[in-house]
Amino acid sequence: MRRSPLAAALAAVTVAVLAACAPAGAETGPTGSGGATSEPTLTTITDEVGRQVEVEIPVQRVATAQQYPAEFVRAVGAGDRLVGVDRTTVAPEYDGYWPGVQTDTFTGETQEQLNYDAIVALDPDVLLLNSNGAYEEAATKLEPFGIKVIVATAWDPEKFVANITLLGRLFGTETQATKILDTYQKYADLLTERLEGVEPKTVYFENTEPDTTAVPGSGWDGIITAGGGKNIFGDIVFGEGEHTQGNVHQTPVDPAEVVARDPEYVIRIGVDGVTFGYVPPSRDALVKLHDELVARPGWSNLAAVKDDHVIVLNAFPLNGAAKQVGALFVAKWLHPELFEDLDPDQALREWVEVFQGAPFVPSEQYVQVGSAS
């Protein structure tokens with residue numbers, strides 16, 4: 001059992017990066033103090049994809065696309081400096097999740113469909129994007145306006161430590177960033193300790209659409225491994241052979257292969273076409289999806305169905321802290337005997353209440369574990 005993404009990353013980078021980041025401002029809670037207190041300093045930073053970006057820190061105005069980067073900005077105490085988000089961030093399924101954040105000015109439809117005129121009008125110092133967003137195009141389009149583009153993928157558990165640290169430096173909120181890392185390091189240590197030498201459970205992970213899975217390179221694959229599982233499609237290398245459709249998060253697979261590989265657990269995210277969202281799905285929708293899954297041809301013979309180990313959910317509980325929270329839920333589902341004293345809702349509550357400043361909704365409202373009977 002390898003170390004969890006957070007534990008491995010912390011050991012590799014935290015000391016080195018934090019040592020280079022002298023505190024540059026004050027922060028209070030998830031939205032920040034309203035502005036850093038130190039004089040701005042022109043600094044060259046290296047972002048996640050190795051780009052050298054010269055930027056004045058602490059950053060005072062930031063724009064994002066997709067909900068993950070917006071969460072990271074708010075978590076490190078700079079939510080009051082967020083001047084624009086994309087429309088997916090404030091979709092109806094996120095109603096009520098963004099107190100303290102300006103959510104009526106938009107950077108575009110999605111992280112791949114940016115509106116550059118709107119971004120220029122917002123006049124951010126920095127546009128923060130995931131690595132699967134249109135960052136190269138954005139950097140070219142926004143350079144004439146002095147708007148810097150920084151890549152910090154906020155959905156990838158492998159990048160959690162480096163990118164929280166980077167944002168703490170950018171906003172001068174290193175103390176708050178360290179609090180986040182300390183909070184989730186304790187959970188990473190727990191997983192590493194208890195799963196050492198434990199035989200992983202086999203998992204079929206289905207992402208939103210039938211016969212569509214996540215493969216190595218996706219954060220979903222990462223939390224399966226970190227939670228003591230083995231992805232039954234972990235042997236797929238996206239982009240090679242027949243696996244060129246979709247992406248690492250949503251790779252089509254042969255339904256007969258799911259049956260042949262006979263997973264011990266099935267985890268399906270996406271209910272009624274909605275994968276994410278703070279607003280929970282209805283219980284009826286969760287039960288209906290569960291029953292549709294177990295009724296698929298050949299599934300009655302799956303170990304997961306025989307043992308009532310089919311789990312369906314809206315993915316919100318798994319997403320917290322770049323899916324660090326998700327690894328805890330996976331571990332609890334796959335190895336309940338090892339984690340009787342672990343309450344993943346506590347980690348979820350910390351992310352939502354402490355670091356996002358939003359009302360907490362218990363995970364049971366998002367999840368159906370096993371049959372309803």
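Helix axes are lines fitted to C-alpha atoms over the stretch in contact, and angles between them run from 0 to 180 degrees between N-to-C directions. Helices are DSSP runs (H or I, at least four residues), numbered from the N terminus. The structure is a predicted model, in which local features need pLDDT of at least 70 and side-chain atom pairs count only at pLDDT 80 or more, while totals for chains, interfaces and linings use all residues. Residues are numbered from 1 along each chain as its sequence is written, and side-chain values use heavy atoms, with hydrogens and water left out.

Helix α5 (residues 160-171) packs against helix α6 (residues 174-195) at an angle of about 160°, and their axes are 7 Å apart. The two helices are therefore roughly antiparallel (angles over 145 degrees). The crossing of α5 past α6 is right-handed, a term used if the near helix is turned clockwise from the far one by less than a right angle. On the α5 side, Phe160, Val161, Ile164, Thr165, Gly168 and Arg169 make the contact; on the α6 side, Glu174, Ala177, Ile180, Leu181 and Tyr184 do so (contact means heavy atoms within 4.5 Å). These residues comprise seven nonpolar, two polar and two charged. Here Ala, Val, Leu, Ile, Met, Phe, Trp, Tyr, Cys and Pro count as nonpolar, Asp, Glu, Lys and Arg as charged, and the others, Gly among them, as polar.

Helix α6 also packs with helix α12 (residues 344-354). Their axes come within 11 Å and cross at roughly 170°, and α6 and α12 are therefore roughly antiparallel. Ile180, Thr183, Tyr184, Lys186 and Tyr187 of α6 meet Gln346, Ala347, Glu350 and Trp351 of α12. Five nonpolar, two polar and two charged residues form this contact.

Rings of Phe, Tyr and Trp (its six-membered ring) pair if their centres lie within 6.5 Å, and planes over 60 degrees apart count as edge-to-face. The count is 19 aromatic pairs. Tyr184 in α6 and Trp351 in α12 are 167 residues apart, and the pair links distant parts of the chain. Tyr184 and Trp351 are both buried. Ring pairs join Tyr184 and Trp351 with Phe72, Phe160, Tyr187 and Phe355 in a cluster.

Key
Angles under 35 degrees count as roughly parallel, over 145 as roughly antiparallel, 65 to 115 as roughly perpendicular and the rest as oblique. Rings of Phe, Tyr and Trp (its six-membered ring) pair if their centres lie within 6.5 Å; planes under 30 degrees apart count as stacked, over 60 as edge-to-face and the rest as tilted. Buried means under 20% relative accessible area, exposed over 50%, partly exposed in between (1.4 Å probe, protein chains only).
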